[in-house]
Amino acid sequence: MARSYVREARRRVGPKRERIRPIIERLLAEHPDATIALQYRNDLELLVSVMLSAQTTDVNVNRVTERLFQKYRTPQDYLAVSPEELENDIRATGFFRQKAKALRGTMAMLLEDYDGQVPRHMDELLRLPGVARKTANVVIAERGQAEGIVVDTHVRRLSQRLGLTRQEDPVKIERDLVKLVPREYWNVFPHLLIWHGRRVCIARAPRCEVCVLNDLCPASRVEVVTNTSPARA
Ligand code: SF4
């Protein structure tokens with residue numbers, strides 16, 4: 001996209017601070033069902049599901065965990081089997097060797113340092129082997145006390161398209177978003193972008209013509225006439 005066009009598009013939609021609330025409100029109305037797609041019944045299952053979701057789809061993880069959680073109910077259960085058996089049980093999620101190693105390391109630390117419970121805070125979760133900031137953010141947010149904003153591939157793409165960040169690095173994107181998104185929406189905001197990204201703002205073929213944000217989005221491919229925009233030649 002030519003620079004002048006980008007500048008013109010940004011001018012047309014206005015400052016991001018003024019757009020963020022309408023963006024959130026419209027997405028809440030559009031995707032009232034936006035929530036985590038991973039299926040879990042307790043904190044341990046949530047943590048395991050999120051760890052397994054790296055580099056695969058939530059649907060795939062749910063397919064695997066449906067059986068996995070019948071067999072592994074406590075941190076001890078993950079350590080009671082051989083590494084190969086655990087690898088086999090999670091094989092379909094991909095990268096199963098690294099994931100099994102991370103799960104075993106995490107379970108050992110949960111037992112040793114946290115009484116077998118999943119800790120509540122970011123700094124504690126980040127100590128767990130194989131738990132990076134995104135995983136920790138998802139776990140904390142699902143418990144209703146978000147300490148940050150989850151940035152996955154959809155959140156990254158939509159934040160950039162909507163002109164909410166110019167960053168590429170997820171940590172820097174999160175830094176921009178937490179300054180912009182009112183705290184009461186930190187939990188739901190990633191879900192809204194993820195669902196909108198799956199249903200409408202698709203990576204290769206965004207459906208701008210049916211998008212409820214097309215007058216607020218500098219990347220919209222639809223000609224939107226607003227009061228502030230001069231008619232284009
Ligand atoms: S207008 Fe287009 S690019 Fe912008 S959020 Fe909607 S679908 Fe995505």
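Colleague: Hi! Which residues does phenylalanine 96 touch, leaving out those up to four places away in sequence?

Modeller: Hello! Phenylalanine 96 is in contact with Glu87, Ile90 and Arg91. Keep in mind that this is a predicted model.

Colleague: Noted. And where does phenylalanine 96 sit?

Modeller: Phenylalanine 96 belongs to helix α7, which covers residues 96-113.

Colleague: Is phenylalanine 96 buried or exposed?

Modeller: Buried, because its relative accessibility is 13% and the cut-off for buried is under 20%.

Colleague: What separates the C-alpha atoms of phenylalanine 96 and arginine 133?

Modeller: Those two C-alpha atoms are 20 Å apart, and the residues themselves are 37 positions apart along the chain.

Colleague: Let's go to helix α9, then. How many of its residues are buried?

Modeller: Seven of the 10 in α9, residues 133-142, so the helix is largely enclosed by the rest of the structure.

Colleague: Which ones are they?

Modeller: The buried residues of α9 are Thr135, Ala136, Asn137, Val138, Val139, Ile140 and Ala141.

Colleague: What covers them?

Modeller: The cover includes α3 (43-52), α8 (122-125) and α11 (170-180).

Colleague: And what follows α9?

Modeller: Glycine 144 follows α9, and it has a positive phi, near 85 degrees.

Colleague: New topic, the ligand. Which residues surround it?

Modeller: Its surroundings are made up of Arg161, Leu162, Cys201, Pro206, Cys208, Cys211, Asn214, Cys217, Ala219 and Ser220.

Colleague: How does that shell divide into nonpolar, polar and charged residues?

Modeller: Seven of the shell residues are nonpolar, two are polar and one is charged.

Colleague: What does the C-alpha trace span along its principal axes?

Modeller: About 70 × 30 × 30 Å.

Colleague: How much of the protein counts as buried?

Modeller: Of its 233 residues, 48% are in the buried class. The accessible surface is about 12600 Å², with 49% of that belonging to carbon and sulfur atoms.

Colleague: What share of the contacts with a separation of 6 or more comes from residues 24 or more positions apart?

Modeller: Such residue pairs account for 61% of those contacts.

Definitions and conventions. Residues are numbered from 1 along each chain as its sequence is written. This is a predicted model: local features need pLDDT of at least 70, side-chain atom pairs count only at pLDDT 80 or more; totals for chains, interfaces and linings use all residues. Side-chain values use heavy atoms; hydrogens and water are left out. A residue is near a molecule or strand if one of its heavy atoms lies within 4 Å of it. Ala, Val, Leu, Ile, Met, Phe, Trp, Tyr, Cys and Pro count as nonpolar, Asp, Glu, Lys and Arg as charged, and the others, Gly among them, as polar. Buried means under 20% relative accessible area, exposed over 50%, partly exposed in between (1.4 Å probe, protein chains only). Contact means heavy atoms within 4.5 Å. Accessible areas come from the Shrake-Rupley method with a 1.4 Å probe; for residues, only the protein chains shown count as cover. Helices (H or I, at least four residues) and strands (E, at least two) are DSSP runs, numbered from the N terminus.
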